[in-house]
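These are my notebook entries on a structure opened today. I set down what I looked up, entry by entry.

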Amino acid sequence: MRVAIAILLALLIAPAQALALTADDVFEVNVPGLIEIDRLLDGTMVSFSGEAIGEDLRADATHRWVNVLEDGMAVGVYVTNEQAAQIETYGDHGHRGATVRVVGQVNIACEQHGGEFDVHAAQFEVLDAGGLIERPVTPLKAVAAGIALTIAMLEAHLYRRMLVRRMR
Amino acid sequence: MWVSPGLKDARIIAHYVGLFVIGVGMAMLVPLVTALLYAEWDSSLDYAVGIGVAFAVGGALRMALPKDARLTHAHALALTGLGWLAASAAAAVPLALSGNYASYVDALFDAVSGFTTSGLTVARDLDHMSYSHNMWRHLTHLIGGQGIVVAALSLAVGLRGGAVSMYLAEGRDERILPNVLFTTRFIWFVTAVYVGLGTLVLTGVHTYLGMAPARGVLHAFWISVAAYDTGGFGPQSMNAMYYHSYLFEAVSVFLMLAGTMNFNLHAQVWRGDRTELWKNIETRVLAVNILILSGFVAAGMAVTGTFTGPLAVIRKGAYHILSAHSGTGHQTLYPNQWSIDAGGAAFAAILLAMAAGGAVSSTAGGIKALRFGVLIKAVQQQIKVAMSPRSAVTVTRYHHLGDRLLTPEITSAAAIVFIMYIVTYVTGGLVGAAFGYPAADAMFESISAAANVGLTTGITSPAMPIGLKLFYIFQMWIGRLEFVAALTLLAYVVLGLRPRSGRRTA
């Protein structure tokens, strides 16, 4: 009887296991898609790329946080100190950050990190080093500022004259 | 009888609004200097234009001053209402030029959100925004948190008569010191102490995290301002999630709590009367609310099972209850996590915390704890009356900066504001739903806007319909001013546009 049950269970479980996700499965996503991810994929491996922004931040003695931005949304990636050291440029007003490719485990509420939505990187690769963002000065703004300030000074003069006239 | 305003009234109001606008232009010198320090040359021109426009428009309005102008109570109310809008319109100019906003309306949205300390944002590419524009966004929190009128009064910029009316019209129910000028300066002093302390401690936290010194100090100042002024803006698109730090969150919780406390309570405690902290009806209502609603958040999170362990529930649940109750809006969850991961009870608890708000005469928004306390006492009195003999005289007292007698006037004033907020919340929810958003999310966003909180389920974004942006602007404005000044201004406009025959003028 026990053997029969075991065989029956094995028959039922085997196809389910074949369909179930394994740690080797890697889902290709983008960052907004990652945040909207089906909650059944919590704990699975995902792969995405994006811009490293701001700076890397200390997580613990051996790890750093790198925030990766794509299509207006960013996610925290838990990387080793060595992986973080590969990044030379982080995105800010004057810089386009390095484009990094991350393969890692997504955690919708990471137990290790107090419920954070994060990705623990298994593989981390810099695809593009990033660089400077050119922010040319717009001359029209200087002209507009000049005109507005001239009008303002004229008004200030007229206002003073108005007050003096009224005091007489 | 309605007293209709005339041209002279409009000129008096225009004159003072002009002074506010000039004041906003002067405040833009701070981001201008920031831009020059960090070699953000194009951004510096945004502020040169902003200052020029503010001075030119403000200067033109200032010249409207009629002879023998006397500022009345009604003028003060109307100009406070209009002053907030005009200040926001001026503040939006450099933001609109920054390239981080799709349109002027989007820039105006963030300016209103900044001044009203709401913290909702429609900025694009926040992670590449210049330091100077981030400085300006957070400075709007600092000015608006204390109040634009408070800022003007503390500098005593040409505001003489009607100062008390303007101060009270700005959603401040109480004076701290007998003189309104000293009161406003005390408010700035308290703010300076907390923001200064917050900046110092957060700079240490940022240094530990590995941020570069200058960036660490700037982020520390901005976050301190946003948390203490219960604003909620952040220099990064991830908001408080960016830092991945318990220490950071602990400091910001302290600042949010300090910001949600009544300035009068700060004064009492600073004078050495610490018992007031425990006896005050506001503190008690806040403590009970936070405790109960944190329980509901924990229950909601337990049901979904996404957040396991007390640490995650406290870090994510209690943090957001405090953020919502104080009206700050700092987030450590993604917007969609509210509807997916937190659970229905947590969603509802956050909704109620946002609606309830912080203390009166604080930087927080919402209905306010004192009004809740008064209404609970009023219910208690009704029950006492029902249970007593007809001849009995029942008296109910409550403690708020001294023992006070609950009078019908106090109860009705609290009930009126309570009803106004509920009507605004529900109307905003209906409007959001009419734009096609899910009803629950629309209600969440409406309460967040009207209570000046800033938490979002994701509706607020650059892609939001312009009609909804304008409606949320209206909600943030009317919610911050607690209706009276805003409605007085609307009444002024309506009555001023009526045909002149058969109406009385002020």
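The entries below go from the interface to the helix packing, the core and single residues.

**Conventions.** I am working with a predicted model, in which local features need pLDDT of at least 70, side-chain atom pairs count only at pLDDT 80 or more, and totals for chains, interfaces and linings use all residues. Residues are numbered from 1 along each chain as its sequence is written, while chains are lettered from A and ligands numbered from 1 in the order in which they are written.

**Chain A.** I took helices (H or I, at least four residues) and strands (E, at least two) as DSSP runs, numbered from the N terminus. Chain A has four helices and eight strands, and from the N terminus its elements run α-β-α-β-β-β-α-β-β-β-β-α. I call a residue buried if 20 or more other C-beta atoms lie within 10 Å of its own, exposed if 12 or fewer, and partly exposed in between, with C-beta atoms placed from the backbone. Of the 168 residues in chain A, 32% are buried. Two residues are in contact if their C-beta atoms, placed from the backbone, lie within 7 Å. Among contacts in chain A between residues at least 6 apart in sequence, 54% join residues at least 24 apart.

**Interface.** I looked up how chain B meets chain A: 47 residues of chain B are in contact with 45 residues of chain A. On the chain B side, the elements giving two or more residues are helix 3 (41–62), helix 9 (180–209), helix 15 (310–325) and helix 16 (335–340). Helix 3 of chain B provides the largest share, 13 residues. I sorted residues by class: Ala, Val, Leu, Ile, Met, Phe, Trp, Tyr, Cys and Pro count as nonpolar, Asp, Glu, Lys and Arg as charged, and the others, Gly among them, as polar. The chain B side then divides into 26 nonpolar, twelve polar and nine charged residues.

**Helices 18 and 19 of chain B.** Axes are lines fitted to C-alpha atoms, for helices over the stretch in contact, and angles run from 0 to 180 degrees between N-to-C directions. Helix 18 (residues 369–387) and helix 19 (residues 408–434) of chain B pack at about 120 degrees, with their axes 9 Å apart. I therefore note helix 18 and helix 19 of chain B as oblique to each other (angles under 35 degrees count as roughly parallel, over 145 as roughly antiparallel, 65 to 115 as roughly perpendicular and the rest as oblique). Helix 18 of chain B contributes Arg371(B), Val374(B), Leu375(B) and Ala378(B) to the contact, and the residues from helix 19 of chain B include Ile410(B), Ala414(B) and Phe418(B). By class, this contact of helix 18 with helix 19 of chain B has eight nonpolar, one polar and one charged residues.

**Helices 10 and 11 of chain B.** Helix 10 (residues 213–228) and helix 11 (residues 246–260) of chain B pack at about 40 degrees, with axes 7 Å apart. That makes helix 10 of chain B oblique to helix 11 of chain B. I find Ile223(B), Ser224(B), Ala227(B) and Tyr228(B) of helix 10 in the contact, with Leu255(B) and Met256(B) among the residues of helix 11 of chain B. Six of the contact residues are nonpolar, three polar and none charged.

**Core.** A nonpolar core is a set of buried Ala, Val, Leu, Ile, Met, Phe, Trp, Tyr and Cys residues joined through C-beta atoms within 7 Å. The largest has 192 residues, and Val21(B) and Ile350(B) have the most contacts inside it. Helix 4 (residues 73–97) of chain B gives the most to this core, 16 residues. Leaving aside neighbours within four places in sequence, Val21(B) is in contact with residues including Ala54(B), Leu61(B) and Ala90(B).

**Helix 12 of chain B.** The buried residues of helix 12 (residues 263–270) of chain B are Phe263(B), Asn264(B), Leu265(B), His266(B) and Gln268(B). They pack against helix 9 and helix 13 (275–279) of chain B. Just after helix 12 of chain B, Gly272(B) takes a positive phi of about 105 degrees.

Asp125(B) is not a glycine, yet has a positive phi of about 50 degrees. Asp125(B) lies in the loop between helix 5 (104–115) and helix 6 (131–146) of chain B, and counts as partly exposed because it has 16 C-beta neighbours inside 10 Å. Leu401(B), not a glycine either, has a positive phi of about 55 degrees. Leu401(B) is placed in the loop between strand 1 (397–399) and strand 2 (403–405) of chain B.
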